[in-house]
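The following paragraphs lead the reader through one protein model. Please keep the sequence and the structure in view while reading.

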Amino acid sequence: MKKITRRYFNKLLGTFCAFSTLDTLSSGPALLLAAERRVVVVGGGFGGATTAKYLRLIDPHLQVTLVEPKHNYFTCPFSNLLLGGIKRMGELTHSYEKLKRKYGINVVHVAASRIEGASKKVVLQDGKSIHYDRAIVAPGVDMRFDLIENYQADDIVSMPHAWKGSASTLRLHRQLETMPDGGTVLICPPALPYRCPPGPYERASLVAHYLKKYKPRSKILILDAKEQFPKQALFSTGWERLYGHMIEWFNGSAGGLILRVDAKGMAVETEFGREEGDVINLIPAQWAGRIARDSGLTDETGWCPVDQRTFESTLHGGIHVIGDAATVVAMPKSGFSASNQAKIAAVAVIDLLNEKEPTSPSMANTCYSFLAPDYAISVAAVYQLSGGEIVKVKGSGGVSPPDVDLSVRRAEAIYAQGWYDSITPVSYTHLTLPTNREV
Ligand code: FAD
């Protein structure tokens, strides 16, 4: 007979927990499991998948259920490289198998329809519910269609935002492929706060990279709701160096602010008049994903206020919100931030379950932006808790230096790929897809 060592016992327990949670979905926890601690994570993106993994790494006795409707996760990071014709769909698509098999997380591929804080359960779209001791919610963002005149949800077919999900990104990619040489691409970024503040400018760069190669008489106009944007001097210098005058940027007060949309006529209207485009990439304003709004986790801003030490909602105890959906003013809404918050929240949840005082977090963020396949720049910062708020540590981080040799930009492009490889497959298994198709 096999000797029952502590390690073997833990393994058995972990395996049992992973397989037994599903049985408890509709019928409520079995007697044995009543003694187990259950954490339910809603949303399997950079925030949710990472927190699920770290919960199990820190405490293998925890029952962790990840609720995520999609079977494969498509990363927005590096999706601009797909638009530039540099990456393919398969390189940006990851399955959840590793989370299930290696970390013993119970992944349920159904959307959550609401979280009931009073009865501590997550209700799924198929009518079942999962009970929790603590929940962590990371649903990312939804688009807002109520802030620009005549703009409707259906308009994303002719004007794909490509700001979440693979379908919209592929649609924009196809529009770029079929537009005429000499055509105009409009890119319209929203006001802050939104997911990935430097993303629209990286997009303009990589679309320019594609157009320079295949449709060199074309132009890109950025009609921006803002007056300035991140890494602006570095982007502007790079654009001139790489693409001459192909990209033009208009700030909010110089005719960049979109007031009205005419999707049928493929045009937008600003206070300076009507602007038509062969391709219009209107990136709408955003708010927290619907499950957060429907569960009363958002305030009047549309985002989720959280205790900055633990990421516990200040509106509903026992529910933590991380990633893009959470209000953390000092940190950009990025995959890197979501991943850092995920680890801090995992530690805090375990501390709270053990009735221990959570520790003070320290976090970092680096956002790389490509201007061409071998030309990247970055912005970085370190954050800590001060007076109950997460703040940037004075003097930490900064942006890439200006006026440097091209080898420095090439090196940053290599670091960016290293960042993606290290942050993404830790949570997911890489998938190989032969062609660019929707996932
Ligand atoms: P998400 O990654 O969006 O994950 C949310 C998950 O929740 C999804 O899988 C969704 O299916 C699921 N979900 C939603 N509703 C429900 C529900 N009701 N029930 C169950 N599950 C649900 N960040 C970087 O750090 N570096 C970059 O270089 C970078 N580049 C970017 C480029 C672009 C073009 C864009 C658009 C974004 C980029 N980002 C980058 C930002 C990054 O993608 C987001 O900040 C990050 O994905 C946020 O993680 P999250 O977990 O909060 O949300």
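**Charged pairs, strands and a helix**

Lys100 and Glu97 both belong to helix 5 (residues 97-101), where they sit three residues apart, about one turn of the helix. The model is a predicted one. An α-helix has 3.6 residues a turn, so residues three or four places apart point the same way. The side chains of Lys100 and Glu97 meet in a salt bridge, at 3.2 Å from N to O. Glu97 also forms a salt bridge with Arg101, with 3.6 Å between the closest N and O atoms. These two residues, Glu97 and Arg101, are four residues apart in helix 5, again about one turn.

How exposed are these residues? Arg101 counts as exposed because its relative accessibility is 63%, and exposed means over 50%. Lys100, at 28%, counts as partly exposed, and so does Glu97, at 32%.

Salt bridges occur elsewhere too: a search of the whole structure finds 21 of them. In one, the side chains of Arg274 and Asp262 meet at 3.1 Å, N to O. This pair links distant parts of the chain, for Arg274 lies in strand 16 (residues 273-276) and Asp262 in strand 14 (residues 260-262), 12 residues apart. Through shared partners, salt bridges join Glu149, Arg260, Asp262, Glu269, Arg274 and Glu276 into one network.

The strands come next. Strands of a sheet pair through backbone hydrogen bonds, either parallel or antiparallel. Strand 11 (residues 184-188) pairs with strand 17 in the parallel sense over four bridges, and Asn281 in strand 17 is the bridge partner of Ile187.

Strand 9 (residues 134-137) points Arg134 and Ile136 one way and Ala135 and Val137 the other way, and all are buried. Strand 9 pairs in the parallel sense with strand 1 (residues 38-42) over four bridges, and with strand 20 (residues 319-321) over three bridges. Val41 stands opposite Ile136, while Ala135 stands opposite Ile319.

Helix 7 (residues 199-214) reaches 23 Å from its first C-alpha to its last, close to the 22 Å expected. Of its 16 residues, 13 are buried.

Notes
Residues numbered from 1 in each chain as written. Predicted model: local features only at pLDDT ≥ 70, side-chain atom pairs only at ≥ 80, totals over all residues. Heavy atoms only, no water. Pairing = 2+ DSSP bridges. Buried < 20%, exposed > 50% of the residue type's maximum accessible area, 1.4 Å probe, protein only. Expected span 1.5 Å × (residues − 1). Salt bridge = Lys/Arg side-chain N within 4 Å of Asp/Glu carboxyl O.
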